[in-house]
Amino acid sequence: VRTKIQVPSRYYLDRGFCSETLDKFDVGDCTDKSKPMVNRAVVPIYDGQNNYVGCVGRAIYDNMKPKWLHSKGFKKHYFYGLNVAKDAIIKDKTVFLLEGQGDVWRMHEAGFTNSIGIFGSSLTDEQLVILEEIGVMNIIIMTDYDEAGQKAAKQIVKKCGRRFNYYRPQISKKDIGEMTIEQIHEELNPQLQKDNLI
């Protein structure tokens, strides 16, 4: 994948993400006019065994439609970033569930390397099976803090039932991606320490 895009993505660097993070997640810009992802910041998606399963492209220019483009045939059976986060999740038996890729990158930058994305606001049956298979006990639900995100948090708990312990920390922004690393630590650490999650 890296041979077809320019890593790290200039688009996401300009939005405040670290080059090391983008490099770790193979995020780059596509400038090849013969490719369907041309003029998009490309986010490759891998399964838990590091196999490439698809990608999502974010339009670099405001007038481009659609804003987000998934590779052909991509199905939401996976978690974003599981290939990077899996070892930390297995070790801690705890996972942070977030909506978008940017939220996952920001959490990794803040040192919460057991963070993964659900590609939107609902958990699929396939994703639930993965959580069980890797031995998760605690789910820290960090879907967006707007009406849709709150609804998503309830859907996750309802779908998973009594399989896991659930936590929903409170933050001052709509989503983690809008926060600085300092804000994340200031707001999350006291709440997570209280519940012995860090």
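Predicted model: local features only at pLDDT ≥ 70, side-chain atom pairs only at ≥ 80, totals over all residues.

User: How much space lies in the largest pocket, and which residues are closest to its centre?

Analyst: A pocket is an open set of points on a 1 Å grid over the protein atoms alone, where a 1.4 Å probe fits, with protein on both sides within 12 Å along at least five of seven lines; lining residues have an atom within 4 Å of a point. Volume is the space filled by probe spheres set on the points, which are joined across faces, edges and corners. Here that gives about 480 Å³, and of the 21 lining residues, Tyr12, Trp68, Gly100, Gln101 and Gly102 are closest to the centre. α4 (101-109) gives the largest share of the lining, 5 residues, and α1 (10-13), β3 (52-59) and β4 (68-70) are among the elements with at least two. Those labels are DSSP runs numbered from the N terminus: helices are H or I, at least four residues, and strands are E, at least two.

User: What lines the second largest pocket?

Analyst: There are 14 lining residues, with Lys4, Lys35, Met37, Tyr52 and Cys55 nearest the centre. β3 and β4 each give two or more of them. The volume is about 310 Å³, and the lining has 9 nonpolar, 2 polar and 3 charged residues.

**Reading the cores**

User: Which residues touch the most other members of the largest nonpolar core?

Analyst: A nonpolar core joins buried Ala, Val, Leu, Ile, Met, Phe, Trp, Tyr and Cys residues through side-chain atoms within 4.5 Å; buried is under 20% relative accessible area, exposed over 50%, partly exposed in between, with a 1.4 Å probe and protein chains only. This core has 30 residues, and Tyr12, Tyr80, Trp105, Met142, Ile176 and Leu188 touch the most other members. Leaving out residues up to four places away in sequence, the contacts of Tyr12 (heavy atoms within 4.5 Å) include Ala41, Trp68 and Trp105.

User: Is Ala41 buried or exposed?

Analyst: Buried, at 0% relative accessible area. Ala41 sits in strand β2 (residues 40-46), and its C-alpha is 7.2 Å from that of Val27, 14 residues apart along the chain. For contrast, look at Thr180, in the loop between β8 (165-167) and α7 (181-194): at 38% relative accessibility, Thr180 counts as partly exposed.

**Reading a helix face**

User: Which residues of α5 are buried?

Analyst: The general idea: an α-helix has 3.6 residues a turn, so residues three or four places apart point the same way. In α5 (residues 125-133), the buried ones are Gln127, Leu128, Ile130 and Leu131. They cover an arc of only 160° around the axis, so they are on the same side of α5; the arc uses directions from the helix axis to the C-beta atoms. They pack against elements including α3 (82-92), β7 (138-141) and α6 (147-160). After α5 comes Gly135, with a positive phi near 80°.

Note on methods
Residues numbered from 1 in each chain as written. Heavy atoms only, no water. Nonpolar A, V, L, I, M, F, W, Y, C, P; charged D, E, K, R; others polar.
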